[in-house]
Amino acid sequence: MNRFALVDCNNFYASCERVFNPKLIGKPIVVLSNNDGCVIARSEEAKNLGIEMGTPAFKSETQFKSLGVEVLSSNYALYGDMSARVMSTMRPHIPGMEVYSIDEAFLVLEEWQGESFARELRATVRQWTGIPVSVGIAPTKTLAKLANRIAKKTPELNGVFDLTAASDSDKVLARVKCADIWGIGKRLAARLACGGILTACDLKHADMAWVRRELGVVGERIARELNGISCLALEEMPPPKKGIASAKSFGRPVEALEELEEALATYTARVAEKLRAGRLLASHLHVFVTTNPFNSEQSQYTAGAHIGLIRPTNGTSDLISSALILLRQIYRPGHQYKKTGVFVGELVADTNLQLSFFDNPKNDIHRRALATAVDQLNKRLGQNTVRYGAMGTTQRWAMRQERKSRRFTTDWNQLPIAKA
Amino acid sequence: MTAKVQAGFPSPADDHMEKSLDLNEHLVSNPAATFFVRVQGDSMKDAGIRGGDVLVVDRSLTASDNQIVVAMLDGDFTVKRLRRNNGCVFLDAENASFPPIEISENQELVIWGVVTFVIHQAR
């Protein structure tokens with residue numbers, strides 16, 4: 001039986017901040033959106049104080065102060081780098097992985113990899129990166145999500161829950177409300193409630209024909225997944241929320257940079273297409289390479305790198321050139337590479353892109369025309385035919401980020417300080 | 001795509017081209033777990049660690065006795081030599097004017113990472 005694990009970083013942004021600032025350990029932390037607008041992330045302590053997501057920062061200034069809440073601007077350079085570290089720590093240990101968002105990944109597990117493996121993996125990620133994670137194990141992705149939720153909400157489980165080892169999984173599912181099932185929003189939950197279906201257990205045992213009639217194929221797929229029938233493969237993804245990934249293993253080991261470039265450019269183009277199809281723009285790009293961890297006779301190497309895109313984009317050419325720059329940074333000769341891939345994150349809606357002061361709306365039209373033209377060229381001539389080199393601009397949007405921590409891992413001038 | 005090819009005698013070095021050395025290969029054996037940390041202060045000068053130096057810190061290593069570590073102490077990072085002695089734990093400076101720090105039983109010592117290299121600017 002195939003099993004999936006969902007690994008989710010606990011309060012990821014707050015945890016990243018704590019790795020480099022011990023003073024924040026044990027304190028309530030909130031992280032603000034771009035421009036210090038509202039709360040987008042909270043530590044456990046902040047959640048326990050009843051601070052809600054989306055709380056406007058300027059209105060709550062005095063409240064935060066009186067509660068002793070540490071308020072931070074978002075530091076995507078740091079979160080992106082830490083995310084890449086968490087992912088590349090896990091990657092060599094498992095046969096397959098899908099980076100689902102900046103702080104979540106689905107893993108495919110080997111037959112022998114169960115709860116104790118998950119505990120070891122969790123401890124390794126914690127030691128190597130400082131980031132605490134929770135792991136849910138189940139026969140399907142939907143159930144793995146659900147198991148992860150239980151692992152997180154039940155402190156006695158110490159961060160790992162293996163649903164396949166539960167004596168009575170129906171009893172577990174009966175405690176999960178429909179609205180908390182992956183892919184079921186409030187609206188679908190309300191419709192299910194009309195049919196008397198209130199929990200994941202109810203939905204699991206519901207009449208499939210009825211579910212299909214009421215919720216369509218998507219709902220039916222979720223119900224099947226709750227029954228342990230895997231309908232979502234590792235790389236197939238529901239409408240993306242936080243990120244899109246594309247990665248594949250090679251048919252044969254690859255050593256030359258040129259070959260890796262070709263593969264990565266292809267995957268990046270696919271990601272760009274997916275972005276455009278979803279009318280989304282990416283603000284973050286992450287690239288990785290890895291050798292085959294199961295061939296013990298080969299030298300092993302795994303590396304990842306990421307870049308924040310100054311101007312969020314879904315342009316194939318922009319994304320490819322950034323991806324290739326990153327690839328050249330992490331590539332080391334002399335290894336037999338098994339896999340490369342790309343992940344874009346911090347997605348924003350295409351229509352919501354705020355023009356910066358210097359931007360001319362006409363440029364956007366040109367950019368789009370260019371992207372389409374490049375797409376077509378690349379389609380015809382091969383993915384890495386057209387490349388742009390000049391991505392290294394350092395202009396940044398003038399954002400309000402008054403309480404931003406340093407770029408501890410991406411800037412030599414902002415390294416953490418150790419007193420001697 | 002075409003590239004211009006210079007006609008003429010090939011360089012005798014062409015067959016021996018190798019990629020230039022990358023310091024990352026030398027200094028960073030585990031990229032996911034390796035962090036760089038800047039030193040402030042002189043308490044470790046006899047170990048060759050001066051203010052302004054950059055430490056290569058590997059978090060995947062488990063600190064053993066006598067290794068130089070970055071530890072969390074009173075909400076700050078500190079770089080010191082770890083010493084275990086009869087069940088007592090010390091953070092030793094490498095500078096006669098700084099006494100060893102004894103970690104008392106009710107104090108929690110968190111080792112953040114093990115220092116593997118020191119990068120010191122020579123001029």
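**A bent helix**

Author: Start with helix 10 of chain A, residues 208-226. A straight helix of 19 residues would span 27 Å at 1.5 Å a residue, but the end C-alpha atoms of helix 10 of chain A are only 12 Å apart. The expected span is 1.5 Å times one less than the number of residues. Helices (H or I, at least four residues) and strands (E, at least two) are DSSP runs, numbered from the N terminus.

Reader: How are the residues and chains labelled, and what kind of model is this?

Author: Residues are numbered from 1 along each chain as its sequence is written, while chains are lettered from A and ligands numbered from 1 in the order in which they are written. This is a predicted model: local features need pLDDT of at least 70, side-chain atom pairs count only at pLDDT 80 or more, and totals for chains, interfaces and linings use all residues.

Reader: Where is the kink in helix 10 of chain A centred?

Author: A bend at a residue is the angle between axes fitted to the seven residues ending there and the seven starting there. In helix 10 of chain A, a kink of about 130 degrees is centred on Leu215(A). Just after this helix, Gly228(A) has a positive phi of about 85 degrees.

Reader: Which residues of helix 10 of chain A are buried?

Author: First, the cut-offs. A residue is buried if 20 or more other C-beta atoms lie within 10 Å of its own, exposed if 12 or fewer, and partly exposed in between; C-beta atoms are placed from the backbone. In helix 10 of chain A, the buried residues are Val211(A), Leu215(A), Gly219(A), Arg221(A), Ile222(A), Ala223(A), Glu225(A) and Leu226(A). Their cover includes helix 6 (141-153), helix 7 (169-173), helix 8 (186-194) and helix 9 (200-204) of chain A.

Reader: Is Ile184(A) buried or exposed?

Author: Ile184(A) is buried, because 22 other C-beta atoms lie within 10 Å. Ile184(A) sits in the loop between helix 7 and helix 8 of chain A. Contact means that two C-beta atoms, placed from the backbone, lie within 7 Å. Leaving out residues up to four places away in sequence, Ile184(A) touches Cys178(A), Ala179(A), Ala189(A) and Ile222(A). Ile222(A) is one of the buried residues of helix 10 of chain A.

**Enclosed elements**

Reader: How many residues of strand 10 of chain A are buried?

Author: In strand 10 (residues 280-291) of chain A, 11 of the 12 residues are buried, so the strand is largely enclosed by the rest of the structure.

Reader: Which strands pair with strand 10 of chain A?

Author: Two strands pair if DSSP finds at least two bridges between them. Strand 11 (residues 302-313) of chain A is an antiparallel partner over 8 bridges. There, His286(A) has His306(A) as its bridge partner. Strand 12 (residues 337-345) of chain A also pairs antiparallel with strand 10, over 8 bridges, and His284(A) stands opposite Gly345(A). Strand 13 (residues 348-349) of chain A pairs antiparallel over 2 bridges, with Leu281(A) and Val348(A) as bridge partners.

**Where the chains meet**

Reader: How many residues does each chain bring to the contact?

Author: Chain A gives 19 residues and chain B gives 28. On the side of chain A, helix 4 (76-90), helix 5 (115-129) and strand 14 (417-419) each supply at least two residues. Strand 14 of chain A pairs in the parallel sense with strand 4 (residues 76-85) of chain B, over 2 bridges. Ala418(A) has Phe77(B) as its bridge partner.

**Loops of chain B**

Reader: Which loop holds Asn86(B)?

Author: Asn86(B) lies in the loop between strand 4 and strand 5 (88-92) of chain B. Its phi is near 50 degrees, a positive value in a residue other than glycine. Asn86(B) counts as exposed because it has 4 C-beta neighbours inside 10 Å.
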